[in-house]
Every structure is written in structure tokens, then in C-alpha cells.
Amino acid sequence: MPAAVDTLLDGLAAALRAHIDPERGLLDPIRQAPTPPDHYGNTAAALALFVRGADDWPRARQALQAWITTDDARLGHLPFNRLLLVLLAQVMEQRRADASELGQVRAAIRRCRLRATYPSNNWTLLAQTCRLLEAPPDRRERESARLCKLFERWTTPAGGFIDFPERPTEHLATPLAYHHKALFLAALASRFHDAPALADHARRLLDWAARSWNPAGYAGGLGRSNHALFGDACLLAAMLLLGVHESAPESVAALATRLSAQRRPDGLLWLTPGGAQSGTASWDGYMHLSVYNAWAAAVVGMACHLAALKPRTGDFIWRKPDPGCFHDAQAGLLSWHSPRGTHALLTTRGQPPQSFSRNAADLRYAGGVILHLAGTDGAPRVPPPLRLKKANLLANPALAGWTPIFDVAGELHALSDFDTVTVTPLEDGVRIELEGQPRIVFRPPARSLLERAISALDWRLFHGRFGRHASLHRKAAAGLRARLSLDVSDAPVLRIASTLEIAAAPDASAIYLNPLGHALTAPLPAASGIRCTPFHSSLPDGHACAGEPIALQAGTQSWSFVLPLGAAHPELDAEHPGVPPCSP
């Protein structure tokens, strides 16, 4: 086991011990209160400490008791809690724990009732993994086959996990964090049931993950929880379960080392690499410091435990990507590795946001965006996009980053979805050419009494199902058509070139709010008409820049710029034939 993994787990275990109160269980320093009772912080902390060493059982028991004494009505995330408790019970059986305490854990498992389906596919996958882990020998093949059917339905031909929708069409979402979670579940299931079909699914998911991997230990940027500890922990645990620490120990060590660098003064880890600088700015509402730290310690610690019980040598190979392009066309995700060591992760066609809100713009799924770019030194050069409050986007359109934003007759539209995609390998890079129409950013307000009733009950009774369905049918901007070309290359220096063409109909009434919009992890020197602002993304040192808004005229207008990133401070070289992009 790489020393970096032990260092990571030792630090997490010490921090969890320090944050468990004998009466209240796991505490959350951000909330300044106990870990949310409807999450899985206490059960994860109990597993994390006990699997790390039996001597930690007194502290683990305190966290477990805090969960056990929580009223049923306040419990939530039941598939997560059930998985953690099932794994805890198995470790207790192996260590011949006290029978009455083991009985308590088994009773706790029964409180976590599972449903057949959930709005997010990764939850359904988690529930079915629980059924397989708990299945008696005579039912194991049946539960394994059901799990494999889910993987078959929710995996793209190239190997990416589809988290949304339940019945995939041409529009689907593949957040990287949840690909890593699916990979972890496949790796865990194959540990408990040695079926060739399960191993094949784990292998495909692993190969896909390796292609979007950065040698410095970054593997994220798309969708929810981008570059977040939850997904990173799932990936690290999967690598350990599949024996990658034996075939490619440097890759495992790189991820573990990068996570340890997120250590806070209180011993817990920030949930993103940018946390020390931006705090909770890039977190979703469901992200909690105590929960994700306990989850990371639990799944990585359990993976180490299982790997030590039964080493897995040579079954799974971490296939380091060859130079060139890998494009999952269905997901619209492209990874490019250069011979010099540059790595870029970009979106092409765009994906539907999983939260189509009236008050927040989720640009993390937009097409035509550089999600991650690292030079030969491994340092990130581009921060991933954000989910923004409506007021913040209206006040500062530069925060949209690489995604062009338009005000069309009083409604905000984003150039986030494309119906034509062309990918061309270049001698020293890759070119992505896209065509599409801007689509509405915010979900329209409910107008009828029925719409208001559905909206009020959607999350409470239907877990956001109607909102997710609406995201698949976002209205396109009438009278606007766009072409976007994006080049990334690294000879003689790392270079980004972007060209946008907008064809506006004579009767179109539109304002381009963020001309020449882009985001980088280094502040740019002052350029004429370009304003930059701090960009609190999941990676540190983000800055977003754009020109002043401009009213579009009938006909075709274009904007282009080149960013050479070889120097310490990149310079903006902009060309704007047609309408000047920075006019008032």
C-alpha cells in the first residue's frame, strides 16, 4: 500500500476522533453543530474508525449510537447508511465483536429500507449493490444479474456512467464524481461476488476513468461535486479494490497526496482543492464537511481492509492514456493528452443540468467548455464552471466563464447545447467545432394553479423528478444560431484559441452579455475593455474575464481570441471582425 494512502487515512482518523462528541456524535465545524442527521456522517465515521483499528471502537460506538438514537422521521440517505452499516457488520463479524453490539448494527440496517428506483441513477445503483452484498448464496446470481443490467443501461458505449435520466435518450448527464461512485460500486460488488460480467463492467468504468485522469491527481470538473472529496474518495477506493496500487502505485499515491494537501488546521480535509482559498463557495447545498470526510475515511479505509484480505494482482490494469484524443460522443466529454504531458478535459455537445432551477444557473454541464487544463508541470490552468445564483450572474456575467450568455427579450440564454459536433485532431492539439442555439438558463416561473402545486410538491414528494424532466426540454432562443470553435495545443507553448460566430435574425432582440468570456487560474494583465473578477470554483486561484455587454445586430458577427499560456502571465490576443465586442 503506498505510504501516501496510510498518511491520508491516519490524518482522517485523527480528525474524526477529535470531532466526535460522546453525547452528540460527529460534529461539523462548518455548521457548528452535529453532522446532519439526515445524512450518513455518523455511520461513515463509525465504519472508518473501526475498520482502521479495533482500538477505535469506543469512539466509533459513540458516532454509531448518535445515528441509532435518531428518530426515523429525521433519517435520510438510507441507501448510503445501509451500505456503510452492512460493511461495518461484516468487519465486526470478522473480528468477532460483541454479539449484542453486532445485533444493534443489524437492527440499524433494517431501519434503512430500500426503494426500487431513485431520481438519480447512482442512488439506484447503490441500493442494488446493497442487495447483492446482503444476498444469501442462492440469490446472489440473481442480484448480480440485476446489478449488471443497471450498468448496461447506464453506461455509454465508450464506458461513461449515465447518472441521468433513468431512461437514457440522446440527452444524458455523466458527472465525473458519479462515474467514480459507479466505478467504486462495481469494484466493491466484484469483491463480494466473483462474476465475470461484474468484473467486465468494473474494467470498462476503470478504463474510462483512466482516460480522463491527470497525473498530478486531478480527475473531475464536470457536473455536480466537481473535484470534490466525495468523488475523489470513490475513485481512490476503487483503485485500491481493483489492485491499481500494485500495478500503478504512483497514480494512487498522486491522488492520495493531492487529497492530503487539502488538510485544514482542524485536521479535516477541505471538500475541494480550492477550499483553503474559497471555503464553501463552490459547494452544493447537500455537501457537508463532516459527511464527506467521514465518507472518504470509510470507503478508502474499507478498500484497504479488503485489499489486504485478498490481494488482486494483474486482474485490472490502469491503462495510462496514449497521446491523442478520447471522445465519448454520447456523453460529450473529450480528453486530450499531448506527447509533452499536457492534459485537457473538454465538453463538446453539452449535457442537461440535473437541477433546472428558477433561481440558479447550473453551467457545469455546458458544452464547448474547458473543464480542466494542466501543462507539463501538472498545475491546473483552467477552473471548472460554476452553479450561480441568478442575482450573481445578472450582476456579473463574466462569472459564466467560457459559456456565452445572452439576454433574449428579457430572458437569459446560454450557449450550452450543440446539435452538431466535429472533433479534429491537430498536429499539436485538438480542435472542437460546434453548432447550436442558446437555451434558456432559468426554469420559467409556474403560472397556473396546477403548475404551482406540482412545483411545491416536486421535491417533497417526487424528489425533483419534474424539475429534472424539464431540464431535458429547455427552450432554445428564437432568432439566434451559433458556431463555436475551440483549439487547445501545446507547441511551441500551451495555447487556447476560441472563435464564436453568432447569426442573428433581423427581428432578434438580443444582448451578448459576456463577450470574449473565459476563466483561468491566473490573473490576466489588464486588456482593453476586458474586466476580470475572482472566480470561486473548486480549483484555487480562479479568475473570470469578459468584455462589456453588446447588443447584437442582424447578420453574422464573430469574436475570437488566443491565450498563450507558456509565460507566467498569459496575454490576451483578441480579434473581433464585425461588431466590436467591447462597445457599450
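Modeller: Let us begin with the side chain of Q128, which makes a polar contact of 2.7 Å with the side chain of E143.

Colleague: What makes this pair of Q128 and E143 a polar contact?

Modeller: The term requires a pair of N or O atoms within 3.5 Å; within protein, one must be able to donate a hydrogen and the other to accept it, and residues adjacent in sequence count only if both atoms are side-chain atoms. The distance for Q128 and E143 is 2.7 Å, so the pair meets the limit of the definition. This is a predicted model, in which local features need pLDDT of at least 70, side-chain atom pairs count only at pLDDT 80 or more, and totals for chains, interfaces and linings use all residues. Residues are numbered from 1 along each chain as its sequence is written, and side-chain values use heavy atoms, with hydrogens and water left out.

Colleague: Why is Q128 called buried?

Modeller: Buried means under 20% relative accessible area, exposed over 50%, and partly exposed in between, with a 1.4 Å probe and protein chains only. Q128 has 6% relative accessibility and therefore counts as buried.

Colleague: Where does Q128 lie, and which residues does Q128 touch?

Modeller: Q128 belongs to helix α6, residues 121–134. Helices (H or I, at least four residues) and strands (E, at least two) are DSSP runs, numbered from the N terminus. Not counting residues up to four places away in sequence, Q128 touches E143, R146, L147 and L150, where contact means heavy atoms within 4.5 Å.

Colleague: What makes T43 a buried residue?

Modeller: The relative accessible area of T43 is 0%, so T43 is buried. T43 is placed in helix α2, residues 41–52. The side chains of T43 and N81 are joined by a polar contact of 2.7 Å. Beyond four places in sequence, T43 is in contact with W67, N81, L84 and L85. The C-alpha atoms of T43 and A294 are 8.4 Å apart, although 251 residues separate them along the chain.

Colleague: Which side chain is joined to S335 by a polar contact, and how do you know that S335 is buried?

Modeller: The partner is H343, at 2.9 Å. S335 has a relative accessible area of 2% and is therefore buried. S335 sits in strand β5, residues 333–337. Its contacts outside four places in sequence include R211, S212, G324 and C325.

Colleague: Why does L434 count as buried?

Modeller: L434 has a relative accessible area of 3%, so L434 is buried. Strand β13, residues 429–436, holds L434. Among the residues that L434 touches beyond four places in sequence are T348, G368, F418 and V421.

Colleague: What makes the peptide bond from F164 to P165 cis?

Modeller: Its omega is near 0°. P165 is in the loop between α7 (140–153) and α8 (176–192). A491 and P492 are also joined by a cis peptide bond, with omega about 5°. P492 is in the loop between β15 (480–489) and β16 (495–504). Most residues other than glycine have a negative phi, and most peptide bonds are trans.

Colleague: What is the phi of H227, and is H227 buried or exposed?

Modeller: H227 has a positive phi of about 55° although it is not a glycine. With a relative accessible area of 2%, H227 is buried. The residue H227 is found in the loop between α9 (196–211) and α10 (229–241).

Colleague: How do you know whether the radius of gyration of the chain agrees with a compact globule?

Modeller: The radius is taken over C-alpha atoms, and the globule rule is 2.2 Å times the number of residues to the power 0.38. For 584 residues a compact globule would have a value near 25 Å; the chain has 24 Å, which agrees. Its C-alpha trace spans about 80 × 60 × 45 Å along the principal axes.

Colleague: How many helices and strands does the chain have, and what percentage of its residues count as buried?

Modeller: There are 17 helices and 23 strands, and 59% of the 584 residues count as buried. Of the contacts with a separation of 6 or more, 70% are between residues 24 or more positions apart.
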